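Here is a friendly briefing to read alongside the model. Keep the viewer open and look for each residue as you go.

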Amino acid sequence: MAGGRRPYTALFFALFLVLFISFADVAQAKNRLRPGECKPRCTYRCSATSHKKPCMFFCLKCCAKCRCVPPGLYGNKQKCSCYNNWKTKEGKPKCP
């Protein structure tokens, strides 16, 4: 008798897992930037540096890949995990 409930429990768990993953993806996509929003965000992020050209180049490249730019002029990279985790061959941060 107890064996009859097991398939339903597994099915319910699988359905719950699929719904949870779907809602997590929707919530994450809500915070993603559109391609047209990268330039203004990168312009602000790079406004305080004396190396504006390379900062803008890499910021736009990172934004195109990650669709996120951390808030502020520096730091706060934990807000954009892709932006934070993208490294150069030497292991240094690729994104400003």
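Helices (H or I, at least four residues) and strands (E, at least two) are DSSP runs, numbered from the N terminus.

This is a predicted model: local features need pLDDT of at least 70, side-chain atom pairs count only at pLDDT 80 or more, and totals for chains, interfaces and linings use all residues. Residues are numbered from 1 along each chain as its sequence is written, and side-chain values use heavy atoms, with hydrogens and water left out.

**The overall picture**

- The protein has 4 helices and 0 strands, and from the N terminus on its elements run α-α-α-α.
- Of its 96 residues, 20% count as buried.
- Take the contacts (heavy atoms within 4.5 Å) in the protein with a separation of 6 or more: residues 24 or more positions apart account for 42% of them.

**How confident is the prediction?**

- The average pLDDT, which is the predictor's confidence in each residue from 0 to 100, is 80 for the protein, and 77% of the residues score at least 70.
- Among the elements, helix α1 (residues 6-30) has the lowest mean pLDDT, 62, while α2 has the highest, 94.
- Over residues 25-30 pLDDT stays under 50, and the model has 0 contacts beyond four places in sequence for them.
- Where pLDDT is low, the predicted coordinates should not be read in detail.

**Helix α3**

- Which residues of α3 are buried? They are Cys55, Met56, Cys59, Cys62, Cys63 and Cys66.
- These residues cover an arc of only 140° around the axis, so they sit on the same side of α3; the arc is that of the directions from the helix axis to the C-beta atoms.
- An α-helix has 3.6 residues a turn, so residues three or four places apart point the same way.
- The cover over the buried residues of α3 includes α2 (38-45) and α4 (81-85).
- Helix α3 (residues 52-66) has 15 residues, which at 1.5 Å a residue should span 21 Å; the end C-alpha atoms are 20 Å apart, which agrees. The expected span is 1.5 Å times one less than the number of residues.

**Helix α2**

- Cys38, Cys42 and Arg45 are the buried residues of α2.
- Their arc around the axis is only 60°, so they lie on the same side of α2.
- On the other side of α2, Lys39 and Pro40 are exposed.
- Both α3 and α4 are among what covers the buried residues of α2.

**Cys46, between α2 and α3**

- Cys46 is in the loop between α2 and α3. Is it buried or exposed? With 1% relative accessibility, Cys46 counts as buried.
- Not counting residues up to four places away in sequence, Cys46 touches Lys52, Cys55, Met56 and Cys59.
- Cys46 and Pro96 are 50 residues apart in sequence, and their C-alpha atoms are 7.9 Å apart in space.

**Rings and charges**

- How many aromatic pairs does a search of the whole structure find? The search finds 1.
- Phe57 and Phe58 form this pair, which is edge-to-face, at 5.0 Å centre to centre and 85° between the planes.
- Rings of Phe, Tyr and Trp (its six-membered ring) pair if their centres lie within 6.5 Å; planes under 30 degrees apart count as stacked, over 60 as edge-to-face and the rest as tilted.
- Phe57 counts as exposed at 51% relative accessibility, and Phe58 is partly exposed at 32%.
- Lys65 lies over the face of Trp86, 4.2 Å from the ring centre, and Lys94 also lies over the face of Trp86, at 5.2 Å from the ring centre.
- A charge sits over a ring if NZ of Lys or CZ of Arg is within 6 Å of the ring centre and within 35 degrees of the ring normal.

**Positive phi in a loop**

- Although Arg67 is not a glycine, its phi is positive, about 55°; at 33% relative accessibility, Arg67 counts as partly exposed.
- Asn76 is in the loop between α3 and α4, and its phi is near 60°, a positive value in a residue other than glycine.
- Asn76 counts as partly exposed, at 31% relative accessibility.

Notes:
Buried < 20%, exposed > 50% of the residue type's maximum accessible area, 1.4 Å probe, protein only.
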